[in-house]
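The points are grouped by topic and may be read alongside the sequence and the model.

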Amino acid sequence: ITEASVRNHIRIRPGDLFRAGMTNPDVHALMKTGRFHDVRVELSQEEGKLTLEFITVVYPKVSSVDLLLRRPDGTTLTAASLQIKEKDLLKKLTIRRGIRYSDTQRQAGEKALREHYEDKGYYQVEVTSEATVLDGKMAGNVKYFITEGEQFEIENMAFEGNESFDTDDLMDFVKARERRRWYNPISWFTNDGRIRPLELEADIERLETYYRNRGYLDAKVEMTHTADTVLASDAYQQHVKTLNKARADLEILEVSLADEEDKGDAADEDRLDLLEDKVDGQEDVVEDAEDELEDYLDDASHVDLTFKITEGRLYH
């Protein structure tokens, strides 16, 4: 970042009458560029002359971007445990290794990852991130922590409170649909039935607009579904806890195996064989835990969705 680039954001000029606080707007302008981790101004006076020294600390270049699965207990697992491939998720980020770090880009990445998951039909997704600070200085390591939630499909869909308009009319103005069924070929082309939070928010807005355009200016639409009940159930929590523990144990074994392999000729062959057997066995444990969770969700992931409508009075 050149000196000229910094000066372009500083409005104070030699010859200006100095007053307390006049540097604040310039510091704010420099920080707002998103290029600097810190900006401060030091004042010195000599022979009746006042000198302002702007000290800017630029963000470092990004050295790594890691995606981690956040477990319910707050601990994390590597990207290998995520349900969406790491390479597909990294494509959604503008912040990547080698570019100058930016808080704005890091935060935009949270939104991009969350929306990608929700577009794939994952519900109750949370994404947070952090940039590593070492010895008070910003480092170039960026981590995203992802709580994936689950995919849910609409088993039954209903409207309540729509006294003035038929359900068929309202269905034309929403994108949500019941899940695909073999006996209804049309369902295979209209929608896969997954709950998508952003899509449902848009459906609520479309329904309220539908009513207001027809004179119901006070109309309000709310949406409820039973996915929250499933995610809060003891059975689901236990399945997830079992799976995450199995994955964590596998990662520990894989690290131990990799460390032993890195020793090369000095590696203990008996220990290598033992670790390889343990890794194979733990992979089976993980697969069994995944199957048990999948079996539980086969039925539990089919939920009921209801649009609750308060029409209000009709205005003329």
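Q124 is placed in the loop between β5 (122–123) and β6 (126–134). The model is a predicted one, and in it Q124 has a positive phi near 65 degrees, although the residue is not glycine. Its relative accessibility is 40%, so Q124 counts as partly exposed.

**Other backbone positions with positive phi**

- E47 is likewise a residue other than glycine with a positive phi, here near 55 degrees.
- The loop between β1 (36–46) and β2 (49–58) holds E47.
- E47 counts as exposed because its relative accessibility is 77%, and the cut-off for exposed is over 50%.
- G121, which follows α4, has a positive phi near 90 degrees.

**Helix α4 and E118**

- Helix α4 covers residues 103–119 and includes E118.
- The 17 residues of α4 reach 25 Å from the first C-alpha to the last, close to the 24 Å expected at 1.5 Å a residue.
- At the start of α4, the backbone nitrogen of T104 has a side-chain oxygen of S102 within 3.2 Å.
- The buried residues of α4 are R106, G109, E110, L113, H116, Y117 and E118.
- Beyond its neighbours within four places in sequence, E118 contacts V125, R196, P197 and L198.

**Nonpolar cores**

- The largest nonpolar core has 41 residues, of which F152, M157, F159, L170, Y211 and F307 touch the most other members.
- At least two residues of this core come from each of β9 (153–160), α7 (197–212), α8 (227–232), α9 (234–261), α10 (269–300) and β11 (302–310).
- Helix α10 gives the largest share of this core, with eight residues.
- Another core, of 24 residues, lies apart from it and includes V62, L89, M138 and I146.

- N162 is found in the loop between β9 and α5 (167–171).
- The relative accessible area of N162 is 15%, which means that N162 is buried, the cut-off being under 20%.
- The N162 side chain reaches the backbone oxygen of F165 at 3.1 Å.
- A polar contact of 3.3 Å joins the side chains of N162 and T167.
- With neighbours within four places in sequence left aside, N162 is in contact with T167, L170, Y211, I309 and E311.

**Helix α9**

- The end C-alpha atoms of α9 are 41 Å apart, which agrees with the 40 Å that its 28 residues should span at 1.5 Å a residue.
- Buried positions in α9 are Y236, V240, L243, N244, A246, R247, A248, L250, E251, L253, L257 and E260.
- These buried residues pack against β3 (64–70), β4 (76–77), β8 (150–151), α8 and α10.

Methods
Residues are numbered from 1 along each chain as its sequence is written. This is a predicted model: local features need pLDDT of at least 70, side-chain atom pairs count only at pLDDT 80 or more; totals for chains, interfaces and linings use all residues. Side-chain values use heavy atoms; hydrogens and water are left out. Helices (H or I, at least four residues) and strands (E, at least two) are DSSP runs, numbered from the N terminus. Contact means heavy atoms within 4.5 Å. The expected span of a helix is 1.5 Å times one less than its number of residues. Buried means under 20% relative accessible area, exposed over 50%, partly exposed in between (1.4 Å probe, protein chains only). A polar contact is a pair of N or O atoms within 3.5 Å; within protein, one must be able to donate a hydrogen and the other to accept it, and residues adjacent in sequence count only if both atoms are side-chain atoms. A nonpolar core is a set of buried Ala, Val, Leu, Ile, Met, Phe, Trp, Tyr and Cys residues joined through side-chain atoms within 4.5 Å.
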